[in-house]
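Hi,

Here is the structure I said I would pass on. Have a look at it first, and my notes on its salt bridges follow below.

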Amino acid sequence: MVINFNEITETEIQHMNNGDGSIFAKMMMTPESKVVFRRLPPGSSIGRHVQTRISETSYVISGEGIQSCDGTEEQFSQGMCIFCAKGSSLTITNTGNKDLVLFSVIREIKKF
């Protein structure tokens, strides 16, 4: 399957998980997963939430920020990958002065 993000309409999500500002997303969703191109303007954040059924992996296309996974803060920037496992809590904040752009794969984790 090819996903053409150029053909997907960008959606604004205000105060995602009680975060600051808005994020903008282009999403391809199935019942088990999401493939998401996300853009967080400077100062925007995705508020704390628990990954109850999923794990989340995001590649940083551009920008910089801080991820807090289970209360441990880590800085990240372009070219890095951030990960949060099922059962963990997560926040993502754009700490830079340019858009933070992430390519994320969010998958439901099922027992084998």
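Let's start with Arg-39, which is partly exposed because its relative accessibility is 22% (buried means under 20% relative accessible area, exposed over 50%, partly exposed in between, with a 1.4 Å probe and protein chains only). Before going on, a caveat: this is a predicted model, where local features need pLDDT of at least 70, side-chain atom pairs count only at pLDDT 80 or more, and totals for chains, interfaces and linings use all residues. Residues are numbered from 1 along each chain as its sequence is written, and side-chain values use heavy atoms, leaving out hydrogens and water.

Searching the whole structure turns up 3 salt bridges (a side-chain nitrogen of Lys or Arg within 4 Å of a carboxyl oxygen of Asp or Glu).

Arg-39 pairs with Glu-10, at 3.0 Å from N to O. That links strand 3 (residues 33-40) to the segment before strand 1 (11-14), 29 residues apart; strands here are DSSP runs of E, at least two residues, and helices are runs of H or I, at least four, numbered from the N terminus. Glu-10 is partly exposed, at 33%.

Arg-39 also meets Asp-99, at 3.2 Å from N to O. Asp-99 sits in the loop between strand 9 (89-94) and strand 10 (100-108), 60 residues from Arg-39. Shared partners join Glu-10, Arg-39 and Asp-99 into one network. Asp-99 is partly exposed too, at 28%.

Then there is Glu-56 with Arg-38, whose closest N and O atoms are 2.6 Å apart. Glu-56 is in strand 5 (residues 54-62) and Arg-38 in strand 3, so this pair ties together parts 18 residues apart in sequence. Glu-56 is buried at 4%, and Arg-38 is buried at 5%.

Cheers
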